[in-house]
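Dear colleague,

Please find below the structure that I am handing over to you. My notes on its surface and its charged side chains follow it.

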Amino acid sequence: MLPNRRSFKEAWLVLLHDLHIRKTLPPQDKYNAAQRIAYTAIIIMGFGSLVTGLAIYKPVQLNWLCWLCGGYHLARIWHFILTIGYVLFFLIHIFQVLLAGWNNFRSVISGFEVIDEKPKPAIESLSEDEKAEKGIDC
C-alpha cells in the first residue's frame, strides 16, 4: 500500500486517464499509484492533525510540541491546511464514485456487489401443465 519510486509517475497517468485525456489504462494492482499516495498521505495527515491539535489544545502544557510545530499561530495554520486536505480527499472520493458508477458505490456501502438480474422461475414451483407447456421433462 505504500508508494514506490514509480508511484508519482503512475499517479499522473491515473489522473490523465480519469480526466479522459489518456485512453490507455495505467498500471493496475490492488491499489493504483494514486490510491497508494492518497491513502499514505491521509495517514500522515492524521498524525499531523493529532500533533497540531494537541499543540493548539494545550500550548502551555505542551510547549515543546507547540515549539516543534513552529509556534501556536503556525500550528493553527498547519491544522487548518490539513483540514482543507481532508475536504479535498473527500471531494475527490465523491468524484471517483461518480466516475465508477452507482453499482460500485452500492458495493462499497453494502459490502458485496449488487447484480440486477431477473429471477428465473424454479422448476419445482411449476405445475405439471406448466412444465409440459415449457417443454420441461418431468
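Which residues gather in a patch of negative charge on the surface? They are Glu128, Asp129, Glu130 and Glu133. Please note that this is a predicted model, in which local features need pLDDT of at least 70 and side-chain atom pairs count only at pLDDT 80 or more, while totals for chains, interfaces and linings use all residues. Residues are numbered from 1 along each chain as its sequence is written, and side-chain values use heavy atoms, with hydrogens and water left out.

Surface patches

A patch is made of residues with over 30% relative accessible area and no salt bridge; like charges are joined within 9 Å, and nonpolar side chains (Val, Leu, Ile, Met, Phe, Trp, Tyr) within 5 Å. Accessible areas come from the Shrake-Rupley method with a 1.4 Å probe, and for residues only the protein chains shown count as cover. Asp and Glu count as negative and Lys and Arg as positive, whereas His and the chain ends are not counted. The place of a charge is taken as CD of Glu, CG of Asp, NZ of Lys or CZ of Arg.

Glu130 is partly exposed, at 36% relative accessible area; buried means under 20%, exposed over 50%, and partly exposed in between (1.4 Å probe, protein chains only).

There is also a nonpolar surface patch of about 900 Å², made by Phe80, Ile84, Val87, Leu88, Phe90, Leu91, Ile92, Ile94 and Leu98. Of these, Val87 is placed in helix H4 (residues 72–100) and is partly exposed, with a relative accessibility of 45%.

Salt bridges

The whole structure holds two salt bridges, each defined as a side-chain nitrogen of Lys or Arg within 4 Å of a carboxyl oxygen of Asp or Glu. In one, Glu10 pairs with Arg6, with 3.5 Å between the closest N and O atoms. Arg6 is exposed at 51% relative accessibility, whereas Glu10 is buried at 13%.

Glu10 also forms a salt bridge with Arg36 (3.6 Å, N to O). This pair links distant parts of the chain, 26 residues apart: Glu10 is in helix H1 and Arg36 in helix H2 (residues 33–57). Arg36 is buried as well, at 10% relative accessibility. Through shared partners, the salt bridges join Arg6, Glu10 and Arg36 into one network.

Beyond its neighbours within four places in sequence, Glu10 is in contact (heavy atoms within 4.5 Å) with Pro26, Pro27, Ala33 and Arg36.

Yours sincerely

Technical notes:
Helices (H or I, at least four residues) and strands (E, at least two) are DSSP runs, numbered from the N terminus.
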